[in-house]
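Here are a few exercises to work through with the sequence and the model open side by side. Try each task first, then follow the solution step by step.

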Amino acid sequence: MHLDHHETFPERHTYSAAAPVRADGRRRALRIGLGGPVGTGKTATVAALCRALRDELSLAVVTNDIYTREDAEFLLREAVLPAERISAVETGACPHTAIRDDISANLEAVEDLEDTVGPLDLILVESGGDNLTATFSKGLVDFQIFVIDVAGGDDIPRKGGPGVTTADLLVINKTDLAPYVGVDLAGMARDAKAQRGELPVAFTALKTENGVRPVSDWVRARLADWTAGPA
Amino acid sequence: MSRAALLVLADGRFPAGGHAHSGGAEPAVAAGRIKDAATLESFCRGRLHTTGLVAAALAAAAAAGCDPLLLDDAADARTPVPALRQVARRLGRQMMRAARATWPDPALDALAAARPRGAHQPVVLGLAARSAGLSPQDAAYAVAYESLSGPATAAVRLLSLDPFDATAVLAHLAADVDRVAEQGAAAGERVAAEGADVLPAASAPLLDITAEAHAAWPVRLFAS
């Protein structure tokens with residue numbers, strides 16, 4: 001039994017996030033996942049990101065609705081991107097399975113978008129609203145954003161869980177509602193810091209002018225690193 | 001190769017996209033035809049002996065080394081409605097992705113190149129079984145079992161059915177799975193010598209009709 005492989009490992013043909021280059025030799029798009037509980041503003045964040053970035057980048061979106069096509073339809077209605085740049089994946093009542101345990105339908109959607117409207121710089125993969133344990137597979141996305149809101153209670157960062165603790169960016173949305181729901185933003189920031197260490201946290205109020213700025217700046221920085229990396 | 005590869009292939013957690021499909025259970029639940037463990041068992045028995053048998057034979061033939069493109073055409077001929085052809089090809093493409101990562105093989109690469117949008121899922125599964133060193137009968141078993149486990153899992157989610165009852169349904173049907181896998185394997189192994197016409201062509205017209213209607217539902221939990 002040899003421990004060293006003399007041949008290269010067989011090509012996996014999964015176009016997983018592990019491989020930065022597509023079969024045709026081009027660098028694939030950066031993939032960023034957005035997850036988080038129902039109603040926290042994932043789709044609104046995706047829409048705002050598309051508006052902020054669509055003039056400078058080639059973008060596409062994959063949605064994972066739980067039982068309708070509402071998220072995809074919202075993005076279409078808001079006309080944040082042309083219809084051919086938005087793809088809806090059906091998840092069989094289990095949104096976290098489609099982004100973590102069995103990512104095949106999502107990989108297919110990503111691949112088809114790159115084939116039909118590519119080359120793309122960035123693909124946003126939005127999870128269906130789920131719970132605090134939902135995270136994306138590293139085989140599907142390069143980075144993940146977890147979106148929570150102040151109205152869900154200021155104890156969520158303290159409770160932690162894989163999304164809050166390990167996401168590459170934690171977004172705490174709807175800060176404009178904080179006074180109305182009696183939430184202490186400084187306390188949420190302290191709790192998030194305790195759970196996340198050096199990982200970043202962005203406070204957003206999407207209803208305000210340029211409200212998505214902290215997130216779009218973070219995305220631009222990830223994309224700059226990605227483009228500078230080995231192809 | 002190891003026989004345990006069959007457990008990997010037949011595991012419901014094998015990441016090939018099946019979790020998003022109910023195998024016709026969602027429309028059957030909505031119509032009241034599946035409402036408890038007993039009706040789930042009837043539904044599963046019917047599916048197993050019709051589309052399950054056809055799929056098992058296709059998989060066995062692919063695992064026996066028959067031309068997968070010939071089998072893909074035979075699968076089209078045995079799948080009358082567009083909605084189910086589309087589902088079979090989409091699941092075939094997803095199975096192909098998982099199989100090529102799991103059991104790399106030039107035969108899989110060749111079929112993927114010939115059918116980039118996906119070949120019928122049982123054909124791909126049969127070829128994957130061959131790549132894993134499994135027998136035609138193993139492939140037939142995996143497909144026959146999958147024709148039950150998909151709807152049973154979906155029924156648990158759709159009806160909040162007791163999961164122990166749903167699993168007992170699968171156990172009750174074990175002897176039927178044996179029979180269908182044997183029949184499917186026997187037919188599949190004759191294809192090389194006698195051609196694709198020896199493959200069974202059993203059909204379940206109600207599954208075809210409800211699949212076509214379900215594909216147009218605006219709100220649904222499962223893709224099929």
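**Exercise 1.** Decide whether B:A211 is buried or exposed.

*Solution.* Start with the cut-offs: a residue is buried if 20 or more other C-beta atoms, placed from the backbone, lie within 10 Å of its own, exposed if 12 or fewer, and partly exposed in between. B:A211 has 23 other C-beta atoms within 10 Å, so B:A211 is buried. Finally, list the neighbours. Leaving out residues up to four places away in sequence, B:A211 touches B:G24, B:V81, B:A83, B:L84 and B:S224; contact requires C-beta atoms, placed from the backbone, within 7 Å. For B:V81, 130 residues apart from B:A211 along the chain, the C-alpha separation is 8.2 Å.

A note before going on: this is a predicted model, in which local features need pLDDT of at least 70 and side-chain atom pairs count only at pLDDT 80 or more, while totals for chains, interfaces and linings use all residues. Residues are numbered from 1 along each chain as its sequence is written, and chains are lettered from A and ligands numbered from 1 in the order in which they are written.

**Exercise 2.** Find how many residues of helix 7 of chain B are buried, and which helices they pack against.

*Solution.* Count first: eleven of the eleven residues of helix 7 are buried. Among them are B:Q121, B:V124 and B:S131. Then look around: these buried residues pack against helix 1 (5-10), helix 3, helix 4 (68-77), helix 5 (82-102), helix 6 (106-114) and helix 8 (136-159) of chain B. Just after helix 7 of chain B, B:G133 takes a positive phi of about 80°.

**Exercise 3.** Describe how helix 3 (residues 37-63) of chain B crosses helix 7 (residues 121-131) of chain B.

*Solution.* The axes, lines fitted to C-alpha atoms over the stretch in contact, with angles from 0 to 180 degrees between N-to-C directions, come within 7 Å and cross at roughly 40°. That makes helix 3 of chain B oblique to helix 7 of chain B (under 35 degrees is roughly parallel, over 145 roughly antiparallel, 65 to 115 roughly perpendicular, and the rest oblique). The contact includes B:A55 and B:L58 of helix 3 and B:P122 and B:V123 of helix 7.

Notes:
Helix = DSSP H or I, 4+ residues; strand = E, 2+ residues; numbered from the N terminus. Contact = placed C-beta atoms within 7 Å.
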